Amino acid sequence: MISAQKIQSLVEKAMPGSRVEAEDTTGTNDHFQVLVVSPSFEGKGMVERHRMIYGILGSEVGGAIHALSLKTLTPSEAEKRS
């Protein structure tokens, strides 16, 4: 089992300077919605960004994490959405 806080911690540790918000969408610790705002995403497409997050979470995806919804933005993209 993994928690939203653990996901947030793993991503923040691997991507310093990022803002990460993780939410357990069902209360069962296996379906998560995660927002990551990071300068590391500059110049990268959505697939590459998502692969970065999957790489950080490793075997948890498809194991403890049954469903994962990702929103990955650069700081400037996040600012435009505000």
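## Overall form

The model is predicted. The protein chain has 82 residues, a length for which a compact globule would have a radius of gyration near 12 Å. The value for the protein chain is 12 Å, so it agrees with that expectation. Along the principal axes, the C-alpha trace spans about 35 × 25 × 20 Å.

## Secondary structure and contacts

The protein chain contains three helices and three strands. Read from the N terminus, the order of these elements is α-β-β-α-β-α.

Contacts in the protein chain can also be viewed by separation in sequence.

## Surface and burial

The accessible surface of the protein chain is about 4900 Å². Carbon and sulfur atoms contribute 48% of this surface. Of the 82 residues, 30% count as buried.

## Charges

The protein chain carries 9 positive and 10 negative charges. The mean position of the positive charges and that of the negative charges lie 5 Å apart.

Side chains of opposite charge can pair when their charged atoms come close. In this model, the number of salt bridges is two.

R49 belongs to helix α2, which covers residues 46–57, while E77 belongs to helix α3, which covers residues 75–81. The pair therefore ties together parts that are 28 residues apart in sequence.

E77 has a relative accessible area of 29% and is partly exposed.

## The salt bridge between R19 and E21

A salt bridge also links the side chains of R19 and E21, at an N to O distance of 2.5 Å. R19 has a relative accessibility of 41%, so this residue counts as partly exposed. For E21 the relative accessibility is 41%, and E21 likewise counts as partly exposed. Both values fall in the class between under 20%, which is buried, and over 50%, which is exposed.

How values were computed: Residues are numbered from 1 along each chain as its sequence is written. This is a predicted model: local features need pLDDT of at least 70, side-chain atom pairs count only at pLDDT 80 or more; totals for chains, interfaces and linings use all residues. Side-chain values use heavy atoms; hydrogens and water are left out. A salt bridge is a side-chain nitrogen of Lys or Arg within 4 Å of a carboxyl oxygen of Asp or Glu. Buried means under 20% relative accessible area, exposed over 50%, partly exposed in between (1.4 Å probe, protein chains only). Helices (H or I, at least four residues) and strands (E, at least two) are DSSP runs, numbered from the N terminus. The radius of gyration is taken over C-alpha atoms; the globule rule is 2.2 Å times the number of residues to the power 0.38. Accessible areas come from the Shrake-Rupley method with a 1.4 Å probe; for residues, only the protein chains shown count as cover. Lys and Arg count as positive and Asp and Glu as negative; His and the chain ends are not counted. The place of a charge is taken as NZ of Lys, CZ of Arg, CG of Asp or CD of Glu.
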